[in-house]
Amino acid sequence: MNAPVDLDHARIAATTPLDRLDPSNPALFRDDVWQPYFARLRREAPVHYCAESMFGPFWSISTYKDIMQCELAHKVLSSDSLHGGISIRDRDKALRLPMFIAMDPPQHDEQRKVVQPIVAPGNLAKLEHVIRERAIRILEGLPRNETFNWVDRVSIELTVSMLATLFDFPQEDRRKLSHWSDCATALPMPGGLIENEEQREAVFAEMLGAFMKLWNERVNADPRPDLISMLAHGEATRNMTPREFMGNLVLLIVGGNDTTRNSISGGVLFLNENPAEYNKLRANPALIETMVPEIIRYQTPLAHMRRTAVADFEIGGKTIRAGEKVVMWYISGNRDETAIEQPDRFIIDRARPRGHLSFGFGIHRCVGNRLAELQLKILWEEILRRFPRIEVVGRPERTYSAFVHGITNLPVRIPG
Ligand code: HEM
């Protein structure tokens, strides 16, 4: 069984005039009804211009092959925050936050190289036992025969404690990391987590204060294998301005947090929606290996990355003009039937499960991809050792965002 198709949205997606179709409306993701809109774009307008949206005009790239082409065209399609950065939402130029995901070569390549060792195979092997020990502790602490929010008790808990390890940040303050991450990606709105950009800046200042303390401790000590020490000693990062340090912190906190968290939650949901796949997994836990990338494809924790054309760019018979915004919808490319067989089905034993777009492609391809997979793999190994079933017992609540494709509440019960 897959998630039921919402007939109203299937009709609206089919009948809205193409030039008025706006796939960026965050409500489509919160209500989990985005699928028919992107299916129509892939079919009828794979390179599509939306003239009006809450994020202004933008181009949508919705097929697998065109997304790959854009990812490889980094000389023409810039990630630089000076042009607008990597998310559909433009930030006020005065509040620009430099970080290496939102830089172009050569600066991007130099700064990326500084943190790369954190995910070198040797370091991942060392992290394995830490992840397992944390996963066991979290799972052993879960209640039986009682409804609880899986997102809070497991997904957030595991990812923040891992992130605290990567930064060598005090474990007792780890929940600050998820709070800062949530504030970094929240859409400002009345009554929301962040009501305006001033509030966001205040949160960032608090985060910077906490990390400056760690930086100051480590910059004069011998280099150590944690992210702050790496940045403090790295040739391309040791002279960063405080604002640049802040930007890279936001990148590493959001990168290592929301994404893995939402894959952990998504896995539980998808197995419940597809009981035959759950049975397959219980009968053969070795399938965790192929299930993990399938979860990451099916969830697509970051719905898109944005680029800005710095020169005219031809794609799919259309010309994107210099200065225009280009949105690569990974969430759509991952459902492209010309690239992935039966893409709307969650199948835990696919032949080539890592051929998805959730980690992007090209020079910005996710630094943490192997670490994210490792966390999910270990968590599922330990889950299967303990719990024959985790039952989803209520409707999931999702993030109001066209960028972070997330689950905020997943009520579950573990029969005991
Ligand atoms: C970049 C997704 C986990 C750190 C990215 C990009 C995506 C992504 C889509 C941009 C790719 C592009 O523009 O082509 C994900 C997903 C994850 C995940 C889906 C989990 C399932 C992590 C983790 C970390 C991390 C655990 C760090 C510990 C980064 C960094 C970048 C990045 C630093 C910037 C790379 C660059 O610009 O060169 N990630 N990520 N990510 N990710 Fe991840």
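Guide: Start at Ser 178. Its side chain reaches the backbone oxygen of Arg 175 at 3.0 Å. That is a polar contact: a pair of N or O atoms within 3.5 Å, where within protein one must be able to donate a hydrogen and the other to accept it, and residues adjacent in sequence count only if both atoms are side-chain atoms.

Visitor: What kind of model is this, and how are residues numbered?

Guide: It is a predicted model, where local features need pLDDT of at least 70, side-chain atom pairs count only at pLDDT 80 or more, and totals for chains, interfaces and linings use all residues. Residues are numbered from 1 along each chain as its sequence is written, and side-chain values use heavy atoms, with hydrogens and water left out.

Visitor: Back to Ser 178. Which helix is it in?

Guide: Helix H8, residues 174–185. Helices (H or I, at least four residues) and strands (E, at least two) are DSSP runs, numbered from the N terminus.

Visitor: Is Ser 178 buried or exposed?

Guide: Ser 178 has 6% relative accessibility, so it counts as buried. Buried means under 20% relative accessible area, exposed over 50%, and partly exposed in between (1.4 Å probe, protein chains only).

Visitor: On to the ligand. What holds the iron atom on the protein side?

Guide: A single donor from the protein, Cys 366 (SG), 2.3 Å away. Donors are N, O and S atoms within 2.8 Å of the metal (3.2 Å for Na, K and Ca); water is not among the atoms, so sites may look incomplete.

Visitor: Where does Cys 366 sit?

Guide: In the loop between helix H14 (330–333) and H15.

Visitor: How many residues surround the ligand?

Guide: 30, and the closest are His 108, Arg 112, Arg 307, His 364 and Cys 366. A residue is near a molecule or strand if one of its heavy atoms lies within 4 Å of it.

Visitor: What touches the ligand's oxygens?

Guide: An N or O atom in the side chain of Arg 112 is 2.6 Å from a ligand oxygen. For Tyr 330, a polar side-chain atom lies 3.4 Å from an oxygen of the ligand. Phe 361 uses a polar backbone atom, 3.2 Å from a ligand oxygen.

Visitor: Which elements give two or more residues to that shell?

Guide: Helix H5 (107–115), helix H11 (242–273), strand E5 (304–309) and helix H15 (369–386). H11 gives the most, with seven residues.

Visitor: And the make-up of the shell?

Guide: 16 nonpolar, 10 polar and four charged. Ala, Val, Leu, Ile, Met, Phe, Trp, Tyr, Cys and Pro count as nonpolar, Asp, Glu, Lys and Arg as charged, and the others, Gly among them, as polar.

Visitor: While we're on H11, what about Met 246?

Guide: Met 246 lies in helix H11. Its relative accessible area is 6%, so it is buried. Its C-alpha atom is 5.9 Å from that of Leu 208, 38 residues apart along the chain.

Visitor: Switching topic. How many aromatic pairs are there?

Guide: The whole structure has 14. Rings of Phe, Tyr and Trp (its six-membered ring) pair if their centres lie within 6.5 Å; planes under 30 degrees apart count as stacked, over 60 as edge-to-face and the rest as tilted. Phe 167 and Phe 211 form an edge-to-face pair, 5.0 Å centre to centre with 65° between the planes. The pair links distant parts of the chain, 44 residues apart: Phe 167 is in helix H7 (residues 150–167) and Phe 211 in helix H9 (residues 197–219).

Visitor: Are those two buried or exposed?

Guide: Phe 167 is buried, at 0% relative accessible area. Phe 211 is buried, also at 0%.

Visitor: Why is the Phe 270 and Tyr 298 pair called edge-to-face?

Guide: Because the planes are at 85°, with the ring centres 4.8 Å apart. Phe 270 lies in helix H11 and Tyr 298 in helix H13 (residues 288–299), so the pair ties together parts 28 residues apart in sequence. Phe 270 and Tyr 298 are buried.

Visitor: Last one. Where is the cis peptide bond?

Guide: It joins Pro 105 and Pro 106, with omega about 0°. Pro 106 lies in the loop between strand E3 (77–78) and H5.
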